[in-house]
Amino acid sequence: MQQTNPVNELLNMLSFPAFSVAGGLVAQVNDHAAQRQIEPGIEISSLLHTGKQAYSHFTDGRLHLQLCIAKTIWNASVTRTMDTDIFLLENAVDSQDLRMLSLAALQLRSSLAEIVLLADKLNKDEALKDSDIPEKLNRSLLSMQRLIGNMSDAPRYSKGHNCHMQSRDMTAFVREILEKSQSLFKNAGYTLEYVLPKDAHLIMFSTDRLERAIYNLLSNALKFSPKGGTISAKLEKCGDMMMFTVSDEGQGLPENMSGNIFARYLRQPGLEDSRMGMGLGMLFVCSTASIHGGTVLIRQPEGKGLSVTMTISSRSAEPGVVRSDIYRLDYSGGQDHALLELSDALPAWLYKK
């Protein structure tokens, strides 16, 4: 009696390109992958666009990286079963869905501007001085501003356009973000612990994109942590990569998110836990890693919680190249970056002016 191949059956059930890798070679492909010139016997190392170092050390969890197939860049997530890796592909470089989000954001901005003017009047109303209405309104406005900004920026973030790189000390940069977040977490009743390298690491990176990616990881960890829980963050150098990891004590990923969680913005809204939002935060994290030559690894350690590691290349600035931030626009519109990016996770009373 002929035995069925469970991996092959799994691949054929998927409605998008997918293939398996064993022993460093492409082993099996589904029809969608075959149509894109992926064939058994190809060395997976020849397809890796980003994440060669991360993939060489990959043992468990779910890893986001990029492949170059027939001169086209594909986002991919990798999971490991026994000695076989399953690659799931998603070509989101030119997503119509993201362009529609950007158009919707343009319409929402004008309405938000009017609401902000009204909110400013309410904040000055003496009759509301002892009410919690102003801080709830302030937090809601920042949360709306953050969402609109994410919707507007999603297309260019996914493509890596207009990415301004500069040479900065990443250790000092991350420390500043974590120190501010630690104070906010403490006031909200949570603990943020972090470990940073003792030495400075002067490398090239986009300050705006890295900052937003870090805040998104912290926000997710805070939203899914039990009250009074501890969130841990760690920055370390591994080979030619810098690794930033955020871990929480929550319940981890639910079973119904077993698909490609790196493309959650494509899901139908309102059918999942509201804490997950639109899923654009993970898109920002993954695109930030990709444009810096890195990857994103999601792991669920034994017991509780989730651990997310974002890596970026620790390349130095080119000799003679000077980058400046002069005349660059502030993506927050002049708001406190931490309060803006964590507005969907922090309590309202922290937004009292």
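Q: Which residues do ring pairs link into a cluster?
A: Phe19, Tyr55 and Phe87. Keep in mind that this is a predicted model.

Q: How many aromatic pairs are there?
A: The count is three. One of them is Tyr55 with Phe87, an edge-to-face pair. Their centres are 5.6 Å apart, with 65° between the planes.

Q: And why does that pair tie separate parts together?
A: Tyr55 sits in helix H3 (residues 52–56) and Phe87 in strand E6 (residues 84–90), so the pair joins parts 32 residues apart in sequence.

Q: Are Tyr55 and Phe87 buried or exposed?
A: Both Tyr55 and Phe87 are buried.

Q: OK, what about Phe173 and Phe205, how are those rings arranged?
A: Phe173 and Phe205 make a tilted pair. It's 5.1 Å centre to centre and 55° between the planes.

Q: Where do they sit in the chain?
A: Phe173 is in helix H6 (residues 170–187) and Phe205 in strand E9 (residues 202–205). The pair links distant parts of the chain, 32 residues apart.

Q: Why does Phe173 count as buried?
A: Because its relative accessibility is 7%, and the cut-off for buried is under 20%. Phe205 is buried too, at 0% relative accessible area.

Q: Switching topic. How many helices and strands does the protein have?
A: Nine helices and 13 strands.

Q: And how much of the protein is buried?
A: Buried residues are 46% of the 353 in the protein.

Technical notes: Residues numbered from 1 in each chain as written. Predicted model: local features only at pLDDT ≥ 70, side-chain atom pairs only at ≥ 80, totals over all residues. Heavy atoms only, no water. Phe/Tyr/Trp six-rings, centres within 6.5 Å; stacked < 30°, edge-to-face > 60°. Helix = DSSP H or I, 4+ residues; strand = E, 2+ residues; numbered from the N terminus. Buried < 20%, exposed > 50% of the residue type's maximum accessible area, 1.4 Å probe, protein only.
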